[in-house]
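Welcome to the tour! Please open your viewer and get ready to select a few things along the way.

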Amino acid sequence: MTAPDVNLQALEARLAQDLAWLELPAKSWVPPQYIDDKRVRDVVIVGAGMAGLVASGMLKRLGVDNQQVLDRAPSGLEGPWATYARMRTLRSPKQLTGPAMGLPALTFRAYFEARFGCEAWEKLDRAPRLVWMDYLIWYRKVLSLPVENEVEVQAIDPRPDGLLALKVARNDGVETVFARHVVLANGRDGLGGPFVPSIADAIDRKFWAHTADEINFEALQNKRVAVIGAGASSMDNAAVALETGCARLDLFIRRNDIPRVNKFTGIGSQGVIHGFAGLPDEWKWRFLDHTIRAQTPPPRPSTLRVSQHANAHFHLGSPILKLEEKGGDVVLTTPKGAYDVDFIIFGTGFQVDLLARPELSAVARYIRLWRDRFAAPEDMPNPELENSPDLGGSFEFLEKVPGSCPALHQIHCFNFPATLSQGKLSGDIPAISEGADRLARGIVRSLFVADRERHYAALIAFDTPELLGDEWTDADAAVGAPHAAA
Ligand SMILES: Cc1cc2nc3c(=O)[nH]c(=O)nc-3n(C[C@H](O)[C@H](O)[C@H](O)COP(=O)(O)OP(=O)(O)OC[C@H]3O[C@@H](n4cnc5c(N)ncnc54)[C@H](O)[C@@H]3O)c2cc1C
């Protein structure tokens, strides 16, 4: 057995002890429900990335253990970290406790130190991307979370009895899973997909990719590659293309400057985490509109990773005006010139497009977005915010027309687009435990209220005495008691 294994085992033993001292997880308490002898899941979580794992952990901690976490990705390949993320390290500071749910032995630092030692921690700048993925794999193992991989949730259909029927596809066939609540922890693109400007329609699909695609960078060796955008993913993709040996890399940036200040992260505090959801709508809008307009800068190491290459060219003030195919190349036109390129990578982010998600097709048209209820201030139009889902206090969808689809209240949107309603609690690392806590408490409350008759019946039926009746005597019961009233 190697030293890191021993240290990890010691950490796992400590975590088990901590949980035992805290009496966690709490005892199971949700009364079972069945449909045709099949157990109804209290909660099904779609997605076993960071958000799905911590949501599962929080629910388990609160005694909701009849749950399933389903992910279509193979085990260890959930989320972006070991798939399309191309940065060397995370952007986040290494100290963030992220999904640790307040448990010291569950932090990334505890994990890292057990594997690599305290000295390595001191020397570490940011979490290496794949070590972060290893941590998430370890996290799910030590909490014994009920994750099933290579299982895709293809549809979520409300039933007349108030339950949700999920069409779940495995390698060996399709099954229906019944659930009382569904948590969508399905990622950055969970309510839509990658955003690519329509200008890309002018060229064949073989000429471009989005940063979230699988990209064969070897095939780009000795080619002229254009990257659109100056966000973190644009920079990381540009860097990989350069490192893999592209002939020339042109980075086209719409603005005249690259954003330099990370606004919302900069004001991060417990106040923002717990207070944002309490803001009046206009103020939520104001905060996020300002943040979105300012944009998030790419990390400095990622930018340097690109600019150190002599064949990397930054073009500022260069929105794409036209794309056209010409003699097997693509000609890309900006206000500053026309460029022949062989391949384009769009780092243009993600968008909400409910109809793009098959799993939401039965409910999409009933889901209330902010634009359905809130008139954007005239000086702050913002399509991204307008398309955000308008959520309730435990991340649940609400209906565009009250009464049209009550089951929406049992579908919880625990992904990035929830930010306008709930604050930044459901996408990034910093406050994911607080988000999961809010989510899990809301689900617990809903389950308890829904089962009130059964809990009340349990109250009536409960008759285990604490006192046996032999602990005292009734002073007045004895005949001829000296102090009895005459
Ligand atoms: C490249 C990149 C770098 C990032 N770096 C940082 C960083 O440094 N710091 C930070 O705080 N945040 C970062 N983020 C943001 C955020 O932390 C990540 O996006 C993180 O992965 C979010 O976790 P998640 O669980 O919400 O989504 P994901 O990790 O994407 O997990 C979603 C899971 O849902 C599964 N899924 C989706 N639909 C279905 C379905 N129908 N059925 C079954 N499974 C389904 C997917 O397979 C996926 O595994 C980064 C994001 C990206 C894209």
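**Stop 1: the whole chain**

Keep in mind that this is a predicted model. Show the protein chain as a cartoon and you can follow 14 helices and 21 strands. Turn the view around: the C-alpha atoms fill a box of roughly 115 × 60 × 50 Å along the principal axes.

How much of the chain is buried? Of its 486 residues, 47% are buried. Now think about which parts of the chain touch one another.

**Stop 2: the ligand**

Hide the surface, select the ligand and bring up its surroundings. There are 32 residues around the ligand, and those that come nearest are Ala51, Asp71, Arg91, Ser92 and Ile429.

- From Met50, pick a polar backbone atom; an oxygen atom of the ligand is 3.1 Å away.
- From Arg357, pick the side chain; one of its N or O atoms is 3.2 Å from a nitrogen atom of the ligand.
- From Glu359, pick a polar side-chain atom; a nitrogen atom of the ligand lies 3.1 Å from it.

Taken on its own, the ligand has 980 Å² of accessible area, and the protein covers 89% of that. Which elements give two or more residues to the shell around the ligand? Select helix H2 (50-61), strand E4 (67-71), strand E5 (89-93) and strand E8 (152-158) to see them. E5 gives the most, with three residues.

**Stop 3: Gln308**

Now select Gln308, in the loop between helix H10 (300-307) and strand E15 (312-315). Is Gln308 buried or exposed? Gln308 counts as exposed because its relative accessibility is 56%, and the cut-off for exposed is over 50%.

Show the side chain of Gln308 and follow it to the backbone oxygen of Arg305, which it reaches at 3.3 Å. Gln308 and Leu242 are 66 residues apart along the chain, while their C-alpha atoms are separated by 9.9 Å.

How values were computed. Residues are numbered from 1 along each chain as its sequence is written. This is a predicted model: local features need pLDDT of at least 70, side-chain atom pairs count only at pLDDT 80 or more; totals for chains, interfaces and linings use all residues. Side-chain values use heavy atoms; hydrogens and water are left out. Helices (H or I, at least four residues) and strands (E, at least two) are DSSP runs, numbered from the N terminus. Buried means under 20% relative accessible area, exposed over 50%, partly exposed in between (1.4 Å probe, protein chains only). A residue is near a molecule or strand if one of its heavy atoms lies within 4 Å of it. A polar contact is a pair of N or O atoms within 3.5 Å; within protein, one must be able to donate a hydrogen and the other to accept it, and residues adjacent in sequence count only if both atoms are side-chain atoms. Accessible areas come from the Shrake-Rupley method with a 1.4 Å probe; for residues, only the protein chains shown count as cover.
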